[in-house]
Amino acid sequence: MEINAHTKIVGLIGYPIGHTLSPVMHNTVFNKFKLNFVYLPFEVRPEELAGAIKGMRGLGIVGLNVTIPHKEEVKKYLDSLSGEAEMIGAVNCIYRTDGGLRGDNTDGRGFLRSLTERGIDLEGKCAFLIGAGGAGRACAFMLAANGIHRIILADKVTAKANALGEDLTAEFPLSSIRVISLDDNRIKDCIRGSDMVVNATPVGMRPDDGLVIDPDCLHNGMFVYDLIYNPIETPLLRAARERGAETLNGMEMLLYQGALSFELWTGKRAPIEIMWQVLEETLKG
Ligand code: NAP
């Protein structure tokens, strides 16, 4: 990779930045197609967020992905938001336009594309979604906007699930939105009766994590989606597979949200197969 006066900078801001696959996914493609771009991770403390966005403007940085904990806070430093970022209430991708810095949300579209590529039909179905943070919000809005009939929401902090439930109901008054507390004894029946279970919590990322829901609620005929991609198979996905459910981890969502960001920054079509190959080699290797 040759860095010169014309190299365009894109990257990721978050805190902590931890282990991220985005630099290897984007930089491999930039190199392979001789695009004069570089993708850099930037660890940005919450109190430095305003300065980081000012720096992005001043340094001419072309685009940024945004991760925990900045996805909601960053909105106020931008010049405009896409309709989806506005609706979801979170930004995970910033790019330059003639009107200044624009915030978008590619998590939601990435999640949706991972479902459509699998041929998952949402029409009239019921989804149980646990985790009402940035990713959970993106998934819930995409499900409601694309034919899901009923969404049941839960979060460790019920107030967060309630806030999401209210926002969803305001946007999709014809959908059936229900919030359930984790200690409500009807929760098992809610999960059992759902066509789809989505884990949008970080539970399952650490080796000593248990299951985020009771595995006895999982069964054949159900689709279980864990947004986590590392490990490739979380305890939830293993339990679901062992009970005959169809499963999906977060790799495809990561791929498609990254591909959409790539297209916003470079104006070129993302080479999906190559990006997928890099992710597979890195994660499975
Ligand atoms: P987040 O904003 O921190 O949201 C996670 C939510 O889950 C928080 O409200 C959290 O509550 C809640 N939670 C934590 N433990 C819980 C439990 N045991 N039961 C119920 N709720 C619980 O994080 P995020 O950005 O939405 O990300 C969530 C997950 O999605 C992460 O694993 C992330 O890696 C993954 N993700 C994947 C992709 C992809 O492309 N595949 C994209 C984005 C995110 P507290 O805040 O109180 O802990």
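Is Ala-5 buried or exposed? In this predicted model, Ala-5 has a relative accessibility of 78% and therefore counts as exposed, the cut-off for that class being over 50%. Ala-5 is located in the segment that precedes strand β1, which covers residues 8–14. Its C-alpha atom is separated by 9.9 Å from that of Asn-36, a residue 31 positions away along the chain.

**Overall architecture**

The protein contains ten helices and twelve strands. Its radius of gyration is 19 Å, close to the 19 Å given by the globule rule for 285 residues, so the protein is as compact as a globular protein of that length. Along the principal axes, the C-alpha atoms occupy a box of roughly 60 × 40 × 35 Å.

Of the 285 residues, 51% are buried. Among contacts with a separation of 6 or more, 67% are between residues 24 or more positions apart.

**Helix α9**

Helix α9 runs over residues 251–266; at 1.5 Å a residue, its 16 residues should span 22 Å, and the end C-alpha atoms are 22 Å apart, which agrees. The helix is mostly covered, with 13 of its 16 residues buried. An α-helix has 3.6 residues a turn, so residues three or four places apart point the same way. Gly-267 follows α9 and has a positive phi, near 75°.

Gly-131 lies in the loop that links strand β7 (126–130) to helix α5 (134–145). Its relative accessibility is 3%, and Gly-131 therefore counts as buried, the limit for that class being under 20%. Leaving aside residues up to four places away in sequence, Gly-131 touches Gly-136, Ala-154, Asp-155, Ala-200 and Thr-201.

| Residue pair | Separation along the chain | C-alpha to C-alpha distance |
|---|---|---|
| Ala-5 and Asn-36 | 31 residues | 9.9 Å |
| Gly-131 and Lys-156 | 25 residues | 7.4 Å |

To summarise the two sites, Ala-5 is exposed at 78% relative accessibility, whereas Gly-131 is buried at 3%.

Note on methods: Residues are numbered from 1 along each chain as its sequence is written. This is a predicted model: local features need pLDDT of at least 70, side-chain atom pairs count only at pLDDT 80 or more; totals for chains, interfaces and linings use all residues. Side-chain values use heavy atoms; hydrogens and water are left out. Helices (H or I, at least four residues) and strands (E, at least two) are DSSP runs, numbered from the N terminus. The radius of gyration is taken over C-alpha atoms; the globule rule is 2.2 Å times the number of residues to the power 0.38. Buried means under 20% relative accessible area, exposed over 50%, partly exposed in between (1.4 Å probe, protein chains only). Contact means heavy atoms within 4.5 Å. The expected span of a helix is 1.5 Å times one less than its number of residues.
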